[in-house]
Amino acid sequence: MLAINISTPKSIMQDLKDKFKQKRLSLNLTQEGLSNKSGVSLGSIKRFETSGEISFESLLKIALVLNCLDDFKNIANKKDEQYDSMDDLLKVKPIKKRGAIK
């Protein structure tokens with residue numbers, strides 16, 4: 001089964017900034033309050049909520065305050081693969097344990 005992904009990095013950034021802002025507002029936090037609790041500069045929070053741009057470390061600090069840090073544990077997890085036949089399943093190569101020197 002072929003999955004088509006129409007998400008782009010920019011669209012994901014826009015979606016994340018909107019979700020984080022809504023989460024902040026639902027917790028009745030101002031941008032300044034979030035800055036104080038997270039240790040992320042007010043300027044960085046303002047830039048994030050307008051453009052979606054922020055360092056990964058700052059994003060994780062904000063996520064901690066907004067109670068969604070655990071959501072990041074699922075990023076880049078191996079997804080369950082779907083197979084159309086037993087032959088497709090048998091063609092799957094084992095997961096490499098080490099890299100090769102090239």
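**Exercise 1. Contacts of leucine 66**

Leaving aside neighbours within four places in sequence, with which residues is leucine 66 in contact?

*Solution.* The structure is a predicted model, in which local features need pLDDT of at least 70, side-chain atom pairs count only at pLDDT 80 or more, and totals for chains, interfaces and linings use all residues. Residues are numbered from 1 along each chain as its sequence is written, and side-chain values use heavy atoms, with hydrogens and water left out.

Step 1. Apply the criterion: contact means heavy atoms within 4.5 Å.

Step 2. Set aside the neighbours of leucine 66 within four places in sequence; the contacts are then Phe20, Lys23, Arg24, Leu27, Leu29 and Leu34.

**Exercise 2. The largest nonpolar core**

State how many residues the largest nonpolar core has, and identify the elements that give two or more residues to it.

*Solution.* Step 1. Recall the term: a nonpolar core is a set of buried Ala, Val, Leu, Ile, Met, Phe, Trp, Tyr and Cys residues joined through side-chain atoms within 4.5 Å. Buried means under 20% relative accessible area, exposed means over 50%, and partly exposed lies in between (1.4 Å probe, protein chains only).

Step 1. The largest such core has 13 residues, and Phe20, Leu34, Ile62 and Leu66 have the most contacts inside it.

Step 2. Two or more residues are given to this core by each of α3 and α4 (56-65). Helices (H or I, at least four residues) are DSSP runs, numbered from the N terminus.

Step 3. The largest share of this core comes from α4, with four residues.

**Exercise 3. Serine 44**

Where is serine 44 placed, and is this residue buried or exposed?

*Solution.* Step 1. Serine 44 is in helix α3, which covers residues 42-51.

Step 1. The relative accessible area of serine 44 is 13%, so this residue is buried.

Step 2. Not counting residues up to four places away in sequence, serine 44 touches Glu53 and Ile54.

**Exercise 4. Salt bridges**

*Solution.* Step 1. Side chains of opposite charge can pair when their charged atoms come close. A salt bridge is a side-chain nitrogen of Lys or Arg within 4 Å of a carboxyl oxygen of Asp or Glu. The structure holds five salt bridges.

**Exercise 5. Positive phi values**

Give the phi angle, the place and the exposure of asparagine 28 and of asparagine 67.

*Solution.* Step 1. Asparagine 28 has a phi near 60 degrees, a positive value in a residue other than glycine. Asparagine 28 is placed in the loop between α1 and α2 (31-38) and is exposed, with a relative accessible area of 70%.

Step 1. Asparagine 67 is not a glycine, yet its phi is positive, about 60 degrees. The loop between α4 and α5 (86-90) contains asparagine 67, which is exposed because its relative accessible area is 61%.
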